[in-house]
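Open the model in your viewer and colour it by chain. The tour below goes one selection at a time.

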Amino acid sequence: MMNGSTIVFYLLALQTLGGGLLSVTTRQIFRAAIYLLFSLIGIAGIYFWLQYQFIAAVQIVVYVGGIVVLIIFSIFLTQQTGELLPKQRLGRKVFSALAVFCGFALTIVQIVQHKFTQANSDLSPVTVADIGKSMLGTNDGGYALPFEVVSMLLLAALVGCIVIALRSKPETT
Amino acid sequence: MWSFSGLATGIDAWLTQRFNPALSLTIEMVLAGIAVITLFAVLGLVLVLMERKVSAWMQIRLGPNRVGPKGILQSLADTLKLLVKEGLTPNSADKLLFNFAPFLAIIVAMLLMAPIAFAKDLQLWDLNIGVLYISAVSSIMVISILIAGWSSNNKYSLMGAMRSGAQIVSYELSAGLSVLSVVVLVGSLQVSDIIKSQADGWWIFKGHIPMVVSFVTFIIAVTAETNRAPFDLAEAESELTAGFHTEYSGMKFALFFLAEYVNVFIVCAVGATLFLGGWMPFHIGHWQGFNHVMDYIPSSLWFFGKTFLLIFVIMWFRWTFPRLRIDQLLNLEWKYLLPISMVNLLVTTAMAILGWHF
Amino acid sequence: MFITKYIQEVWGAVRSLATGLRRTMYYFTHHKEIITQQYPDNRETLVLPERFKGEVIMPHDDKNEHRCTGCTACELACPNGTIKVITKFDIKPEGKKKKAIDKLVYHLELCTMCNLCVQACPSDAIKMAQTFEHSVFDRGLLTKILNNPGSKIMDGVE
């Protein structure tokens with residue numbers, strides 16, 4: 001039986017998969033980036049559909065606002081408008097399809113083998129306050145250490161950027 | 001007191017009586033969509049006329065005064081002109097994306113309307129992450145500008161789009177930090193919680209100097225994010241003809257134009273919600289009589305009054321300051337606004353922990 | 001020190017921006033400062049600024065005398081050949097020949113109102129008028145002869 005919620009799910013899934021498919025088959029690199037954007041927005045939509053709003057918003061901030069913009073900028077700086085990408089050799093196509101199929105098979109096998117248990121606890125939506133508390137919690141189930149380790153990684157990346165950008169100026173004295 | 005929630009529950013009950021739940025939900029969504037589109041049309045007309053009148057008076061001119069009494073039908077006439085104009089598509093443009101970009105811009109602006117509380121109990125979607133949702137969805141805005149700039153196949157458009165991208169990505173930071181300072185004080189991202197916390201006074205008064213500083217940085221950052229002068233490098237008409245919408249005409253141009261004004265309205269509404277108390281009336285401490293009089297003014301009037309005050313401030317900026325160069329723009333963000341708002345966020349956090357605000 | 005310089009810069013920026021904002025707010029609230037002329041409506045009462053330049057004219061006094069000596073300084077000064085001085089020779093009563101103008105031809109359609117001819121004139125014979133409704137249906141009407149028919153030079157102007 002199709003109810004409204006299922007229809008919405010299939011629409012979102014169609015958007016995600018269709019965007020991904022178009023993104024790998026188009027020969028215009030900028031269009032590929034935009035189709036990727038649709039695919040990512042579709043995933044965010046599925047998170048919204050699951051009422052997991054925080055992850056959905058983070059998906060949009062990180063992938064749409066960050067990564068797609070970065071991809072588009074690198075296309076702007078390197079490509080010409082309206083140029084088609086060269087056609088790929090058959091061997092490469094087959095190899096990529098094989099790699100994708102292996103990844104897909106692995107995921108499917110995992111899903112089929114996993115025993116899904118019915119959740120008994122009430123499914124009240126997780127609030128941001130809960131996420132924040134567990135993100136910086138030091139007790140059982142807290143993520144303070146991984147959180148800080150990741151921020152150290154980001155700090156190292158920032159320092160690296162500054163070192164690369166700070167080429168020593170020619171001596172002016 | 002009469003409130004919008006009564007109206008909403010009334011419509012909901014009437015619909016669920018007649019139709020099955022899925023259909024009545026769909027009808028409610030369509031109703032909300034029609035309401036938002038109507039608001040868009042009215043906002044477009046009012047804001048364009050307001051901009052033209054404000055700019056005229058600030059430049060010692062009269063402004064539109066021929067169409068209708070005192071020129072109030074001018075923007076209606078402009079809209080009619082744009083509706084009947086041909087929407088050209090350049091021959092060597094990426095036609096699919098070229099025609100898609102204005103719709104993306106307007107869809108994003110519509111999505112941003114969802115968590116805004118227009119009056120007491122008048123809010124489309126009071127979601128748990130309200131403020132984060134706004135900053136997340138508004139980051140899609142830049143992509144419509146980038147698509148428009150690239151698909152026009154025009155060097156001015158491309159330059160405008162790149163400038164706009166660099167500008168929006170960098171100013172998002174200080175806008176986010178100044179929003180965060182309010183969130184730190186409230187302890188919630190939900191719009192209704194933020195408004196409720198200002199029942200006894202707006203944050204700009206309760207939060208001492210740090211709140212004033214973050215209000216100022218917020219206004220500057222959102223002026224840059226909506227690509228308005230003095231930060232209008234993306235469409236700098238004296239350098240890039242019209243930037244990313246150089247090739248657009250007719251209704252497609254009008255959609256970009258409308259999206260710009262609606263975005264100005266949205267950021268001002270967010271500013272009014274965060275710093276000026278949304279639809280909360282103005283209360284002073286223990287003056288019961290005064291507070292009572294203020295309560296009689298409808299909450300929607302409070303909201304729209306505050307929002308239009310902020311819109312006026314942004315227009316005031318536009319018609320006073322000259323445009324920044326790209327290096328000045330990035331200097332302002334990375335050397336001044338970002339350090340100041342970071343220090344300010346630290347001070348606000350200390351204030352929230354020590355309970356120094358009222 | 002670095003931090004005091006930083007604060008001074010921010011403070012200076014805020015103060016200079018506030019100065020600009022105060023000026024535009026003054027104009028926004030003081031509508032009597034508006035300088036727009038609603039031209040066709042206020043045609044009767046229109047007051048033009050003192051230095052408005054509409055066209056070149058040659059003033060004549062009531063004896064139909066002008067001050068032009070025909071020295072062609074204006075013709076030489078004009079950057080785009082708007083003025084053409086056609087001279088003739090008057091015979092003075094004592095029998096001497098004297099140079100004078102026959103016609104001073106002025107092409108309004110070429111004129112850019114740059115005022116160089118007026119500045120070049122040594123005897124103040126021409127000046128700028130404030131008329132501006134120059135539209136005509138025939139382009140030939142824009143070529144004007146500035147001296148009145150039968151006019152002659154004023155006494156004492158060399």
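How many residues of chain B are in contact with chain A? Select both chains: 28 residues of chain B meet 29 residues of chain A, where contact means heavy atoms within 4.5 Å. This is a predicted model, in which local features need pLDDT of at least 70, side-chain atom pairs count only at pLDDT 80 or more, and totals for chains, interfaces and linings use all residues. Residues are numbered from 1 along each chain as its sequence is written, chains are lettered from A in the order in which they are written, and side-chain values use heavy atoms, without hydrogens and water.

Stay on this interface. Chains B and A bury about 2,500 Å² between them, 82% of it on carbon and sulfur atoms. Buried area is the accessible area (1.4 Å probe) that two parts lose on being put together, summed over both. Now pick B:Ile143, B:Trp150 and B:Met162. They supply 27% of the area that chain B buries against chain A, more than any other three residues.

Next, show the helices of chain B. Helices here are DSSP runs (H or I, at least four residues), numbered from the N terminus. H5(B) gives the largest share, 11 residues.

Look for salt bridges between chains B and A: the count is zero. The criterion is a side-chain nitrogen of Lys or Arg within 4 Å of a carboxyl oxygen of Asp or Glu.

Leaving aside residues up to four places away in sequence, B:Ile143 touches A:Ile34, A:Leu37, A:Val64, A:Val68, A:Val69, A:Ile72 and B:Leu104.

Terms used: Helix = DSSP H or I, 4+ residues; strand = E, 2+ residues; numbered from the N terminus.
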